[in-house]
Amino acid sequence: MDSYRRYGPALLRKARRLLQNEEDARDAVQTLFMDLFARGELSTDLPYLYRALTHRCLNMLRDEKNRARLLERESPALRGTARISPDLQALGLQTLAKLSDSVEEAVMETLVYRFFDELGLEEIAEVMQVSRKTVQNRLNRVSAQLAALAETEVQRG
Amino acid sequence: MAELSHEPLSWLKLERYALGELAAEERRQVETRLALSPADRAVLAQIRGDESVLPPLPLVALGSPRRERKRIGWAAISATVAAAAAVTLALLRGPVSDFPSRRQVASGVKGGEVAIALYSERVGEEPVAFSQGERFKLLVTCPPWFLEALPEGLTVVMFQGGERFFPLGKAPSLACGNRVAWPGAFTLDGRADVQVCLTWSARAAHAERAEQLEPEVVCTTLKRR
């Protein structure tokens with residue numbers, strides 16, 4: 001319970017940025033902790049929980065039924081202002097959902113840390129326990145696809 | 001993708017800074033950066049000013065059995081599944097032809113039970129009534145193999161004022177256990193009492209009342225406050 005009280009608010013803010021609706025964000029955080037406690041994982045740290053929550057949110061987005069609901073409820077105001085790449089401000093759920101159909105999990109996770117949580121490459125490498133070069137490669141691999149989808153989303157309005 | 005020269009303080013770093021979790025050297029670096037960056041200060045202010053109240057956390061998986069509203073023994077389930085298999089095989093061919101495997105699995109188990117419990121974000125454990133807009137989570141207790149024995153899975157169906165609702169749909173990834181949280185939550189409104197049911201009956205999509213799903217159903221009723 002202590003980790004829920006301590007880290008829950010930070011995770012709720014992260015879930016809001018990513019899912020862009022309050023109800024699903026709250027649900028994602030709540031069920032994450034319920035599952036963690038069910039597994040007996042009472043002591044955790046924030047980077048670990050960031051990863052767990054990222055996986056959970058991406059899984060929600062991959063599931064077709066959840067995806068439809070999330071896209072319907074998407075409220076871009078909850079995303080906040082992008083600091084690292086304002087041209088990717090429009091990177092929304094629709095784009096992420098499309099990417100998640102064709103892009104591998106680790107790349108999706110990297111994208112979330114970079115563009116939703118605004119982690120630096122070193123920081124992403126540390127959280128994901130891979131090299132900085134791997135992080136850069138993952139971002140490079142998806143950059144063209146991402147730019148094209150983001151532009152479509154901007155045109156969509 | 002080129003790395004940008006202007007790297008902001010990440011949300012993770014600022015969250016850890018706000019929680020007082022950074023080492024002294026890293027904390028100093030963050031403070032230096034904050035002094036120079038209004039955008040980073042704005043994010044920190046957002047973190048510190050966020051007064052959202054977390055949803056309460058149901059006490060799950062602490063090993064303490066809780067009172068469930070309705071229980072059904074495995075003997076009954078086994079008999080029901082076997083009977084359903086026989087009837088269905090006689091009437092249908094195709095997607096449900098794997099019923100024999102249900103019977104095979106179900107008949108080998110004794111002493112288990114399926115149960116549901118609700119958790120209200122307003123009043124917590126064991127709610128007996130609901131208010132307009134009150135949000136609930138469903139907790140399911142079932143033995144680990146139960147879903148394997150039911151390829152069509154479990155369905156949550158609610159009955160209110162003669163109408164049928166499926167607010168949570170199916171949960172294909174639900175792993176049975178003790179008070180496992182069903183993915184998602186639901187909000188209740190309306191003036192009539194609500195019967196919340198978990199069913200593994202193939203008649204779920206057509207039933208007008210919970211009784212029509214028996215014995216492949218467990219239900220609990222919430223009265224309107």
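**Largest cavity**

I looked up the largest cavity, which holds about 50 Å³ of space. This is a predicted model, in which local features need pLDDT of at least 70 and side-chain atom pairs count only at pLDDT 80 or more, while totals for chains, interfaces and linings use all residues. Residues are numbered from 1 along each chain as its sequence is written, chains are lettered from A and ligands numbered from 1 in the order in which they are written, and side-chain values use heavy atoms, leaving out hydrogens and water.

A cavity is a set of points on a 1 Å grid over the protein atoms alone where a 1.4 Å probe fits but cannot get out; a pocket is an open set with protein on both sides within 12 Å along at least five of seven lines; lining residues have an atom within 4 Å of a point. Points are joined across faces, edges and corners, and a volume is the space filled by probe spheres set on them.

I counted two cavities of 30 Å³ or more. The lining of the largest cavity includes Arg17(A), Phe115(A), Phe116(A) and Trp11(B). I sorted this lining into four nonpolar, two polar and three charged residues. Here Ala, Val, Leu, Ile, Met, Phe, Trp, Tyr, Cys and Pro count as nonpolar, Asp, Glu, Lys and Arg as charged, and the others, Gly among them, as polar.

**Second largest pocket**

I noted a volume of about 460 Å³ for the second largest pocket. Of its 21 lining residues, Glu123(A), Glu126(A), Ser10(B), Lys13(B) and Glu26(B) lie nearest the centre. Helix 7 (121-128) of chain A gives the largest share of the lining, five residues. Helices (H or I, at least four residues) and strands (E, at least two) are DSSP runs numbered from the N terminus. The lining divides into eight nonpolar, three polar and ten charged residues.

**Interface of chains B and A**

I found 43 residues of chain B in contact (heavy atoms within 4.5 Å) with 44 residues of chain A. The buried area is about 3,800 Å², with 56% from carbon and sulfur atoms; this is the accessible area (1.4 Å probe) that the two parts lose on being put together, summed over both.

I counted nine salt bridges between the chains, each a side-chain nitrogen of Lys or Arg within 4 Å of a carboxyl oxygen of Asp or Glu. One of them joins Lys137(B) and Asp27(A) at 2.8 Å, N to O. On the side of chain B that touches chain A, helix 1 (11-18), helix 3 (38-49) and strand 5 (134-141) of chain B each give two or more residues. Helix 1 of chain B gives the most, six.
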